[in-house]
Amino acid sequence: MSTDSIISADYARKASVADLMNNLSSIENGLSTSEAEARLQQYGPNEILEKKVNPLIKFLGYFWGTIPWMIEAAAILSAILSRWDDFAIIFLLLLMNGVVGFWQEHKADNAIELLKERLAPTARVLRDGKWKGLPSGELVPGDIVRIRLGEIVPADIKLIEGDFLQVDESSLTGESLPVDKKTSDVAFSGSIVRQGEMTGLVFATGMNTYFGRTAKLVELAKTPSHFQKAVVKIGDYLIILAIVLVTLVFIVATLRHESLLQTLQFALVLVVAAIPAALPAVLSVTMAVGAMQLAKKEAIVSRLAAIEEMAGVDVLCSDKTGTITQNAITVAEVVPFEDFTEKDVLLFGTLASREENGDLIDIAIIKKSKEDGVETGSYKFGKFQPFDPVSKMTQAEIEGPQGSFRAAKGAPQAIISLLANSTAGSLVDQKVDTFASKGYRALGVASTNSKGAWSYVGLIALQDPPREDSAETIKTAKSLGVRIKMVTGDHVAIAKEIARMVGLGTDIEPASDFIDRPNEEATDIIEKADGFAQVFPEHKFKIVELLQARGHIVGMTGDGVNDAPALKKADAGIAVSGATDAAKSAAAIVLTRPGLSVIIDTIKESRKIFQRMNSYATYRIAETIRVLFFITLSIVIFNFYPLTALMIVLLALLNDFAIMSIAYDRAEYSQKPDRWRMSSVMGMALFLGLIGTVESFGLLFFGLDYLHLSKEVLQSFMYLKLSVAGHLIIFIARTKGHFWSYRPGNLLIGAVLGTQALATIIAVYGLLIPPIGWNLAAMVWIYVIIVFLIIDQLKVRYFKFFDERLQFMEKLKWIKT
């Protein structure tokens with residue numbers, strides 16, 4: 001193969017399999033490892049390359065925009081006025097804002113990249129004559145791959161073996177209906193296998209695929225959540241408030257004939273210090289750090305917005321198999337029909353299975369056959385039709401000692417449909433009900449005779465016991481305000497038995513009881529039920545839709561290709577461990593460990609992350625209100641500048657440095673689902689901001705009337721007060737209870753104490769500002785701590801009043817409903 005040859009889709013479509021294999025220098029046993037490594041060097045990894053922005057360009061971008069322009073203008077005015085100390089500090093603020101913003105975005109991007117690596121799909125590849133599971137990124141032209149139901153086609157391939165595929169190409173072509181494929185057809189990278197299983201020859205990878213040439217990578221991980229949008233909206237309101245108040249200061253100063261340039265410099269600095277410019281960046285890095293913590297809990301976040309959604313989940317619709325149960329399927333009983341024996345049932349069940357496919361049911365039947373001494377060595381396997389959701393069975397053509405015949409296994413009622421004029425229906429239903437009462441799932445087995453007529457050979461009972469931790473986990477979920485509803489395609493009796501065993505409640509409704517009813521009636525049934533049985537994937541979508549219409553935040557688990565619509569529709573779609581690529585791509589969270597406990601761990605961790613974001617938003621809004629109102633009122637009413645422009649810049653500098661640590665703060669998860677309540681955050685922020693303003697005026701009058709401080713010393717006095725009190729607000733805002741309710745993180749404590757020690761030293765020794773000495777500094781600390789303790793008491797009472805009012809409003813709403 002030529003080193004610069006790239007096979008086009010048109011050529012691959014027209015060429016014969018033999019010609020294409022010859023062109024790609026490929027053989028039936030697949031490429032050797034050494035050849036594949038050489039081609040990987042030649043063609044590069046099988047991935048869509050993102051356009052990377054030069055880090056220097058990205059860094060310089062932090063000095064271009066409305067906020068940087070204001071800081072730069074203030075620095076230029078300082079230089080014009082020959083205030084070089086001001087210029088140096090303002091320039092340092094500008095530089096630090098750029099460095100902090102760049103570092104936070106870089107950290108968030110790195111976290112997202114690591115998560116993407118964890119979500120990288122795998123492919124079954126024939127290498128060195130053996131089938132192997134390899135990352136899709138390692139595929140090269142000439143590789144032979146196997147694709148089946150639920151998988152995403154990993155590269156552009158020519159189908160060379162198998163019966164048929166039904167492929168969803170809607171993401172590539174916009175065509176909503178699946179496309180049927182057969183041998184010699186081409187399947188494109190990024191399309192989803194809806195039915196069937198085939199082998200293909202890779203002819204294009206990475207940017208040379210149809211998808212690579214026509215599509216741009218969509219970075220789902222950066223989708224903004226409702227929380228981020230709401231906080232940015234708050235930021236916009238605060239910017240407007242800052243500009244209005246600062247404009248008022250500017251007008252008053254102009255009327256008093258004060259220096260225009262000095263007033264303009266002060267106004268610009270005040271706006272910059274008051275505006276929460278770092279708000280979106282801090283939230284992003286908080287969620288990115290949180291996403292890495294979730295990854296340690298075996299939950300991979302595919303988009304950061306999922307963290308907020310997971311924190312608010314109050315109804316979790318959970319799959320039974322593999323989540324509530326162990327997914328360790330074993331054969332419990334074998335029941336033969338007519339003249340067949342148990343070994344006959346196992347024989348034909350084994351012949352209709354394929355061990356290499358890794359299907360758990362196939363493996364369980366093959367294992368039981370081996371244990372019971374069932375011999376299959378004299379049978380030659382022919383054409384195999386894998387399981388699909390429509391036929392609900394597998395079929396195989398077999399060549400045996402007595403000639404050719406077919407074997408099938410699948411859902412008991414689906415197997416009955418193969419038989420002509422069968423009277424086995426009532427017997428099958430009776431046995432299925434008996435199995436179901438024991439928590440067993442039934443599988444029908446059939447075979448044809450020499451004339452091609454089908455016979456019902458018997459039933460195989462499969463058991464999948466509950467996980468040891470399921471009952472305790474469900475109990476924990478209830479204590480967290482999350483109601484778990486079991487969703488399964490199994491018989492109602494099986495679902496009830498498993499639900500009873502895990503303490504879930506036995507009000508299990510079959511999908512037929514609600515699916516055709518009017519929405520209101522159906523929603524009543526769904527809300528009341530403990531779970532749903534005989535559910536098809538499309539029913540899952542309906543369940544999610546109706547629960548959301550009633551105001552629930554819904555989590556939905558899934559693993560199959562047909563679960564994708566429900567996973568996308570859910571507020572928090574969760575692809576369970578072992579899910580298909582299609583389910584993973586639709587889900588917001590992908591689990592890498594089986595079981596229900598990992599989902600509950602994810603909910604707890606998400607609520608902690610939500611609490612960090614909530615406390616930061618409250619703090620930052622309160623701080624903006626406190627500083628703006630105090631400085632504006634002092635200037636407008638008392639004709640006194642309580643801080644110099646340099647002090648405001650120092651305040652902002654130390655403030656931004658310390659607040660970065662909020663992403664690593666310790667947090668406790670709430671016992672109820674978290675929802676973004678703007679009124680609560682704004683109410684508490686306004687409460688803290690206004691009390692802080694009164695507190696500041698109290699110390700200002702004390703310094704003027706009792707201590708008789710000079711203007712310069714009084715400004716340094718107030719600078720230290722605003723710095724220390726501002727950072728202590730963090731400890732008030734981070735908990736609804738008293739500030740000692742739970743200990744802050746070491747990094748947050750260290751950052752606050754470190755910056756305030758520095759602020760104290762600056763004020764005491766007069767570094768850049770007039771000195772105040774240790775006595776006045778001690779007065780500030782004592783005053784601030786006393787008021788801090790009083791505000792903390794008032795905050796607890798405020799939250800108690802607010803929660804009681806909220807509960808009353810919710811109760812009133814419920815009564816009206």
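In which helix does Ile637 lie? In this predicted model, Ile637 is placed in helix H24, and because its relative accessibility is 54%, where values over 50% count as exposed, this residue is classed as exposed.

Ile637 also belongs to a nonpolar patch on the surface, which is formed together with Leu633, Phe638, Phe701 and Leu704 and has about 420 Å² of accessible area in total. Two elements give two or more residues to this patch, namely helix H24, which spans residues 597–638, and helix H26, which spans residues 678–706. Of the contributing elements, H24 gives the most, with three residues.

Helix H26 in turn packs with helix H27, which covers residues 711–733, at an angle of about 150 degrees and with the two axes 11 Å apart. Since angles over 145 degrees count as roughly antiparallel, H26 is therefore described as roughly antiparallel to H27. The crossing of these two helices, H26 and H27, is right-handed.

In the loop between H24 and helix H25, the latter comprising residues 645–659, lies Asn639, whose phi is near 55 degrees, a positive value in a residue other than glycine. Asn639 has a relative accessible area of 45% and is therefore partly exposed. The loop between H26 and H27 holds His708, for which phi is near 50 degrees, again a positive value in a residue other than glycine. With a relative accessible area of 60%, His708 is exposed.

Technical notes:
Residues numbered from 1 in each chain as written. Predicted model: local features only at pLDDT ≥ 70, side-chain atom pairs only at ≥ 80, totals over all residues. Heavy atoms only, no water. Patch = residues over 30% accessible without salt bridge, like charges linked within 9 Å, V, L, I, M, F, W, Y side chains within 5 Å. Areas by Shrake-Rupley, 256 points an atom, 1.4 Å probe, with all protein chains shown as cover. Salt bridge = Lys/Arg side-chain N within 4 Å of Asp/Glu carboxyl O. Helix = DSSP H or I, 4+ residues; strand = E, 2+ residues; numbered from the N terminus. Buried < 20%, exposed > 50% of the residue type's maximum accessible area, 1.4 Å probe, protein only. Axes fitted to C-alpha atoms, helices over the stretch in contact; angles between N-to-C directions. Parallel < 35°, antiparallel > 145°, perpendicular 65-115°, else oblique. Left-handed = near helix turned anticlockwise from the far one by under 90°.
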